[in-house]
Amino acid sequence: MNIKNPIIALDFSTKAEVFKFLEPFDERLFVKVGMELYFQEGPTIVNELKNRGYDVFLDLKLHDIPNTVKSAMRGLASLGADLVNVHAAGGIQMMESALEGLEAGTPAGQQRPLIIGVTQLTSTSEQQMKEEQQINLSLQNSVLHYAALCKQSGLDGVVCSVLEAADIKNQCGDDFLRVTPGIRLHEGLGHDQIRIATPRIAKVEGSSLIVVGRAITQSANPVEAYKQVKQQWEAK
Ligand code: C5P
């Protein structure tokens, strides 16, 4: 897996749209398959992307009882994705079971996919978290708490916003991945995302990997938009 490239969120509903979108790119890409695409096209979309040489983050955000998540992860491990995830809110036992399932399902001789925990979604505001989830912490502290649970469970990192990346790096160490969605090329258009930042700020704040969807996929020129994201992300 090329661990450094910006991850492009393939938020399309059909395979045809995905491959049409990918066609003009002439480099190796790290892409994300989320619920929209997976639920329409099924597991074969992961195999097809892997066979064509893409690195794949399978973003299904599992959250269920430990036994169910373990069995689901055992199945997902065989698809060849490089990175998978669960919701940290499922708890330590669920996350440990997810890891066990992944290990059990990884074919002999292959590396098990990395697994990260979603802390608070980047579309969640502190007010919404307090009112709807009834969590009486700052959003920053809730994310840090979830990150600690992920680490304790043996996960490889978290999904968080850029705003929490530096604190998580301090708390959990640089090897513990901080994968950050909510990336926009310019501060401004957030769509439904609340905790957003540019690729440049993500780099400065210590993101390990950035996930970029609409800033690239809905751009008039996706290849150019990707180039700009990459330039900002790789700038010293
Ligand atoms: O279009 P945009 O760049 O906002 O897309 C972000 C992508 O990252 C979406 O596919 C979304 O599902 C995903 N994601 C997120 N926040 C998380 C985890 C995943 O936005 N905490």
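Author: What follows sets the values against their definitions. This is a predicted model, in which local features need pLDDT of at least 70, side-chain atom pairs count only at pLDDT 80 or more, and totals for chains, interfaces and linings use all residues. Residues are numbered from 1 along each chain as its sequence is written, and side-chain values use heavy atoms, with hydrogens and water left out.

Reader: What makes up the secondary structure of the protein?

Author: The protein has 11 helices and eight strands. These are DSSP runs numbered from the N terminus, helices being H or I with at least four residues and strands E with at least two.

Reader: Why is the protein called as compact as a globular protein of its length?

Author: The globule rule is 2.2 Å times the number of residues to the power 0.38, and the radius of gyration is taken over C-alpha atoms. For 236 residues the rule gives 18 Å; the protein has 17 Å, which is close, so the description holds.

Reader: Why is H87 called buried?

Author: Buried means under 20% relative accessible area, exposed over 50%, and partly exposed in between (1.4 Å probe, protein chains only). H87 is at 18% relative accessibility, so H87 counts as buried. Buried residues make up 51% of the 236 residues in the protein.

Reader: What does H87 touch?

Author: H87, in strand β4 (residues 83-87), touches K61, L62, H63, M94, V118 and L121, leaving aside residues up to four places away in sequence. Contact means heavy atoms within 4.5 Å.

Reader: Why does K61 count as partly exposed?

Author: K61 has 22% relative accessibility, so K61 falls in the partly exposed class. This residue of strand β3 (residues 55-62) also has a positive phi of about 45 degrees, although K61 is not a glycine.

Reader: And why is Q134 called exposed?

Author: The relative accessible area of Q134 is 63%, so Q134 is exposed. Q134 lies in the loop between α6 and α7, and has a positive phi of about 55 degrees without being a glycine.

Reader: How do you know that the span of α7 agrees with its number of residues?

Author: The expected span of a helix is 1.5 Å times one less than its number of residues. The 14 residues of α7 (residues 139-152) should therefore span 20 Å, and its end C-alpha atoms are 20 Å apart, which agrees.

Reader: Which residues of α7 are buried, and what covers them?

Author: The buried residues of α7 are L139, S142, V143, L144, Y146, A147, L149 and C150. Their cover includes α5 (92-105), β5 (114-118), α6 (126-133), β6 (157-159) and α8 (162-172). Just after α7, G154 takes a positive phi of about 90 degrees.
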